[in-house]
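Please read the following briefing alongside the sequence and the coordinates.

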Amino acid sequence: MTKPTPDEIGQGYDAFADLLDQLCGENLHHGYWDDPSGDMSLDEATNRLTDRLSGMLPIRAGNRLLDIGCGIGEPAIRMGTAHDIMVTGISISERQVERANDRALKADVDDRVVFEYADAMDLPFQDESFDLVWALESLHHMPDRWTALREAARVLRPGGWLALGDFLLVPGPDGAPAAAARVQEVAKGVLSVVDVDEYREGLRAVGLVPAEAEDVGEYTRTTWSKAAARFEDLREQALQHIDEAQFELTLSRFRGFGAEPALGYVLMTARKPG
């Protein structure tokens, strides 16, 4: 199965904006639960994941941060509110960019948090123009995550930091090939997943020095079951956009991802030398 092109991904987010709001809330990424059996809401848990990753960055007043795959802007606005920094978010969904800028205006941070239409594979920014680059659950959408990371490294200033959250291949006792085959069977081309060693090698190849790396899959896995339950509740609305077979396939993927121990979730940082 061929991965969607950037234009197709952007158009998909545009077409399903209302459904995604109800499915994912303000954050189009996973949540973080210290206690998966607890009663923390999905919205609270997704904000916690933002805070967990931002806490791995040495954020300083006056920094410029690039948010690659900004969604409707919640993580960027959250960081722009908490820190005295300038944030630029990018998305290939025109509707997401419009909504994110509206939300920044309402949050009264539009003087330092802005959103633009741009492709992470070919960033429209000068070399060494950001102190921090942020990619939370966006790199698995890229036709080539290493090209996107090379662009991220290009726009980072020497001494700057990258933070990312992404799905992770976690080889078990049966080894990486078997684990990868199971994940690929569930994903059917939707997720492109690598293990932590390959991630480190890829970061080094684009000129970055890997720092922290933590598999937090046990704390994020609850997201899949909550997403499946919400999606089931939204069946009638979803069937206005997709047919019954696609709905059932998507639902089965949510359930399959939640039950697959080889699918982890990594939070990583890397530094540009200088």
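Leaving aside its neighbours within four places in sequence, which residues is Asp195 in contact with? Contact here means heavy atoms within 4.5 Å, and on that basis Asp195 touches Leu168, Leu169 and Pro171 once neighbours within four places in sequence are set aside. The model is predicted, so local features need pLDDT of at least 70 and side-chain atom pairs count only at pLDDT 80 or more, whereas totals for chains, interfaces and linings use all residues. Residues are numbered from 1 along each chain as its sequence is written, and side-chain values use heavy atoms, with hydrogens and water left out.

**Asp195 and its loop**

- Asp195 sits in the loop between helix 7 (176-187) and helix 8 (196-205), where helices (H or I, at least four residues) and strands (E, at least two) are DSSP runs numbered from the N terminus.
- Asp195 is buried and has no salt bridge, the nearest side chain of opposite charge being Arg200 at 7.8 Å; buried means under 20% relative accessible area, exposed over 50%, and partly exposed in between, with a 1.4 Å probe and protein chains only.
- A salt bridge requires a side-chain nitrogen of Lys or Arg within 4 Å of a carboxyl oxygen of Asp or Glu, and for charge, Lys and Arg count as positive and Asp and Glu as negative, while His and the chain ends are not counted.
- The side chain of Asp195 does reach the backbone nitrogen of Asp197, at 3.2 Å.

**Helix 5**

- Helix 5 (residues 94-106) has 13 residues and spans 19 Å from its first C-alpha to its last, close to the 18 Å expected at 1.5 Å a residue, the expected span being 1.5 Å times one less than the number of residues.
- Its buried residues are Gln96, Val97, Ala100 and Ala104.
- These residues cover an arc of only 100° around the axis, which puts them on the same side of helix 5; the arc is that of the directions from the helix axis to the C-beta atoms.
- On the other side of helix 5, Glu94, Glu98, Leu105 and Lys106 are exposed.
- Asp108, which follows helix 5, has a positive phi near 60°.

**Charged pairs**

- Side chains of opposite charge can pair when their charged atoms come close.
- The structure holds 15 salt bridges, among them one between Arg52 and Glu214 at 2.3 Å, N to O.
- Because Arg52 lies in helix 3 (residues 42-54) and Glu214 in strand 6 (residues 209-215), this pair ties together parts that are 162 residues apart in sequence.
- Arg52 counts as partly exposed at 25% relative accessibility, and Glu214 is also partly exposed, at 29%.
- Arg157 forms a salt bridge with Asp131, with the closest N and O atoms 3.0 Å apart.
- Arg157 lies in strand 5 and Asp131 in strand 4 (residues 130-136), so the pair ties together parts that are 26 residues apart in sequence.
- At 30% relative accessibility Arg157 counts as partly exposed, whereas Asp131, at 18%, counts as buried.
- The C-alpha atoms of Arg157 and Gly274 are separated by 8.2 Å, although the two residues are 117 residues apart along the chain.
- A network of salt bridges links Glu232, Arg235, Glu244, Glu248 and Arg255, and within it the closest N and O atoms of Glu232 and Arg235 are 2.9 Å apart.

**Chain totals**

- The secondary structure comes to 12 helices and 7 strands, and 48% of the 274 residues count as buried.
- Of the contacts with a separation of 6 or more, 77% involve residues 24 or more positions apart.

Methods: Polar contact = N/O pair within 3.5 Å; in protein donor to acceptor, adjacent residues only side chain to side chain.
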